[in-house]
Amino acid sequence: MSETPATAAGERGQRLPGWLRPRSIELPGSGRMRLIETTLLVLVAVLLAVATVNDLVRQTHVNHRLIADLHTWRVYTGHTYHNLSVEQELFGRASQREVVCGNTSPGAPKARTQLCLAIWGPVVNGRRTVHGGWYLPPKSEDVRARRYGCFGEASRGLCTR
């Protein structure tokens with residue numbers, strides 16, 4: 001019974017090229033090549049582990065910031081809407097400045113006038129600081145020419161009117 005698995009493994013090994021087949025004895029030499037290969041594999045594994053942890057930590061911080069932005073919009077406007085849009089590209093992804101837009105009255109997303117708030121700064125008590133914003137007419141994308149009622153520091157250079 002114990003010979004059957006070994007025989008099956010041996011038959012599978014016969015189909016492999018000679019340099020990949022399992023060896024019953026180690027080839028003569030100092031083993032330096034195996035040491036180098038093992039060291040390189042360990043270094044690659046450590047590099048991948050560090051990169052994975054770094055990416056997870058970064059994504060966790062981004063998620064924490066975005067949740068605070070949504071909460072800030074709800075507190076600032078007094079509306080508990082859940083269909084809000086968050087734009088991270090307007091100021092640049094690395095700037096950690098976001099624009100959160102939502103309807104000013106109940107309705108489908110972008111079906112009513114929207115209030116967009118420019119939010120940045122540290123998260124304090126689950127909220128961030130509002131640095132300005134603007135309004136958008138119903139059914140419009142965030143086009144600079146359609147913005148109106150700009151206010152605050154963030155509106156400088158972002159609104160045409």
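## Ground rules

Two strands count as paired if DSSP finds at least two bridges between them. Helices (H or I, at least four residues) and strands (E, at least two) are DSSP runs, numbered from the N terminus. This is a predicted model, where local features need pLDDT of at least 70 and side-chain atom pairs count only at pLDDT 80 or more, while totals for chains, interfaces and linings use all residues. Residues are numbered from 1 along each chain as its sequence is written, and side-chain values use heavy atoms, with hydrogens and water left out.

## The sheet

Let's start with the strands. There are five of them in an open sheet, in the order S1-S2-S3-S4-S5, with antiparallel pairing. S1 (85–87) and S5 (148–151) stand at the edges with a single partner strand each, so one side of each has no neighbour in the sheet. From one strand to the next, the twist averages 25°.

Now for some pairings. S2 and S3 are joined by six bridges, in the antiparallel sense, and Gly-102 has Leu-115 in S3 as its bridge partner. S3 (residues 114–124) also runs antiparallel to S4 (residues 127–136), with seven bridges joining the two. Across that pairing, Leu-115 stands opposite Tyr-135 in S4, and Gln-114 is opposite Leu-136. S3 and S4 make a hairpin with two residues between them, and Asn-125 in the turn has a positive phi of about 55°.

## The helix on the sheet

Helix H2 (residues 32–77) packs on the sheet and touches S1, S2 (98–103), S3, S4 and S5. Contact here means heavy atoms within 4.5 Å. The direction of H2 makes about 60° with that of S4; axes are lines fitted to C-alpha atoms, for helices over the stretch in contact, and angles run from 0 to 180 degrees between N-to-C directions.

## Rings and charges

The structure holds three aromatic pairs. Rings of Phe, Tyr and Trp (its six-membered ring) pair if their centres lie within 6.5 Å; planes under 30 degrees apart are stacked, over 60 edge-to-face, and the rest tilted. One of the pairs is Trp-73 with Tyr-81, tilted because the planes are at 40°, with centres 6.2 Å apart. Both residues are buried (under 20% relative accessible area; exposed is over 50%, partly exposed in between, with a 1.4 Å probe and protein chains only).

Another is Phe-91 with Trp-120: centres 5.6 Å apart and planes at 75°, so edge-to-face. Arg-97 lies over the face of Trp-120, at 4.0 Å from the ring centre. A charge sits over a ring if NZ of Lys or CZ of Arg is within 6 Å of the ring centre and within 35 degrees of the ring normal.
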